[in-house]
Amino acid sequence: MRRTPTGWRRRHPALVLGALLLVLGVTGCRGAEDTATPSDVADAPSDTPPAFVVSADLVHPDDFEYLGAFRLPDDAERPRTFAYGGQAMTHRASGDPDGPDDGFPGSLFVMGHNRLPYGELPDGNQVAEIAIPAPVVSGSVAGLGQATFLQEFRDVAVGSFEALEELPRVGMEYLDRSETGPRIHLAWGQHLQDEPRTQGASHAHVSPDLSRPDLQGPWFIGERSLYSVNDYLFEIPAEWAELYADGRYLATGRFRDGGWSGMSPALYAYRPWTADGTPAPPGSRLDELSLLEYAKSDETDRIERCIDGYQHPDEWSGGAWLTADSGTSAVMFAGTKGTGERYWYGYVNPAGPDEPCVEREMIGQFPLCRLADGTPCPDEASLTCPDHTSERGWWSSRFEARLTLYDPSDLARVATGQFEPHEPQPYAYLTIDEHLFGNPSNVEPEMLGTGVQRRYRLGDVAFDRANGLIYVLELFADEARPVVHVWRVR
């Protein structure tokens with residue numbers, strides 16, 4: 001596990017930003033037009049107090065305690081299987097009330113096998129509810145305990161999002177508000193969507209009784225690109241939402257590789273109901289608040305206005321707004337981060353992970369290969385190659401699984417207009433590969449990659465706020481099924 005220095009002070013990251021950038025091994029990414037860094041803004045004198053309270057304590061990497069993992073139940077054919085699933089998950093504190101008193105209360109709703117296009121599997125992405133067993137630290141998947149079903153798979157979105165079936169991007173969050181009662185909020189999209197700012201509403205909510213989902217919606221998130229909104233989905237703590245987001249209690253976003261969503265995780269606060277709890281009319285454009293929004297690759301050819309160390313192959317697949325009994329907090333994103341010295345659009349090179357292999361047909365359209373600092377590769381290093389794999393996409397010469405942490409007070413600065421949405425930077429991260437099983441059955445090696453070039457390591461995240469438990473899905477760990485890893489944040 002990679003951590004920030006042990007002497008790191010639990011104070012606003014502006015006090016230690018320079019040291020942390022060295023730990024992260026990053027290069028500048030804020031853009032030449034920026035005239036102030038977060039530390040400049042934080043330290044600038046002012047005659048008036050800020051419109052928010054700077055957090056005194058942040059969740060530190062050493063506050064994460066790894067507890068182990070468990071397997072998901074599975075004894076059915078697709079689509080009622082977790083194989084090729086794990087794109088969405090959420091925790092219900094009141095779930096499994098008769099379960100054992102083992103320190104892991106509640107239940108998890110987990111989405112199963114993805115839909116497939118051309119009629120092959122139009123009813124995929126079904127949802128099941130599972131009991132949570134005590135996790136086990138084990139060197140093999142076979143040594144883990146296995147969850148049991150509380151509710152079998154159901155197609156909760158039947159009749160909705162029907163055209164979104166090619167590499168779906170989905171999110172879920174269980175939220176029990178007095179205005180609405182308990183609901184599971186959904187985000188839904190796919191890898192490619194035509195006219196993303198005008199076509200295909202992306203959000204809805206359903207009943208946690210999966211046999212009677214009662215879908216409400218769908219809705220758009222304002223005028224935002226669908227490439228920026230329809231993946232991870234999580235609760236904003238009520239106090240923060242009421243202070244800074246005008247009662248928008250849900251955060252939604254997406255990172256689309258290649259920078260189509262913005263060159264780092266996008267995040268928006270929203271609320272899909274009126275003051276009395278009435279759902280917004282279907283097709284509504286909900287009033288959203290930007291919390292994170294970085295430069296999009298269709299706006300600039302430069303790597304700028306992004307998080308430091310950004311790469312186009314990055315994958316941010318889950319998120320949670322962490323709070324702990326100690327009073328610490330953080331906004332966390334989970335994903336597979338490109339960390340290689342070069343990254344490119346094309347294929348895996350059979351000569352080895354450090355050798356690019358770009359897509360010949362796209363040479364000249366945009367920089368197909370870049371160095372880690374974002375500058376284009378020299379011409380002699382931007383090469384096609386024979387005998388490459390068939391899976392085209394964004395590749396880095398190295399990937400690692402990360403939990404990346406943002407300061408909630410930086411997002412408050414965005415919400416109150418004191419930061420631009422591209423200014424917040426992560427203050428720390430954890431590298432968690434040491435706990436992962438790493439596709440032991442060698443499923444889909446061309447799609448996933450192998451060794452240091454393994455992509456798609458993590459799926460979604462769920463957070464049990466009352467007990468400080470973080471649930472993270474590792475994809476393709478149990479043959480084609482995910483397993484659930486568990487951390488406690490202290």
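In the predicted model, Leu403 of strand β21 is the bridge partner of Ala334. This pair belongs to the contact between β21 and strand β17, which spans residues 329-338, and the two strands run antiparallel and are joined by eight bridges.

Strand β21 covers residues 399-406, and eight of the eight are buried, that is, under 20% relative accessible area, so the strand is largely enclosed by the rest of the structure. In a regular strand, side chains alternate between the two faces of the sheet. In β21, Phe399, Ala401, Leu403 and Leu405 point one way, whereas Glu400, Arg402, Thr404 and Tyr406 point the other way, and the residues of both groups are all buried.

A separate description concerns the sheet that contains β2. Four strands form this open sheet, in the order β2-β3-β4-β6, with antiparallel pairing. Its edge strands are β2, at residues 89-92, and β6, at residues 149-154, each of which pairs on one side only, and the twist from one strand to the next averages 20 degrees. Within this sheet, strand β3, comprising residues 107-111, pairs with strand β4, comprising residues 127-131, in the antiparallel sense over five bridges, and Phe109 stands opposite Glu129 in β4.

Terms used
Residues are numbered from 1 along each chain as its sequence is written. This is a predicted model: local features need pLDDT of at least 70, side-chain atom pairs count only at pLDDT 80 or more; totals for chains, interfaces and linings use all residues. Side-chain values use heavy atoms; hydrogens and water are left out. Buried means under 20% relative accessible area, exposed over 50%, partly exposed in between (1.4 Å probe, protein chains only). Two strands pair if DSSP finds at least two bridges between them. Axes are lines fitted to C-alpha atoms, for helices over the stretch in contact, and angles run from 0 to 180 degrees between N-to-C directions.
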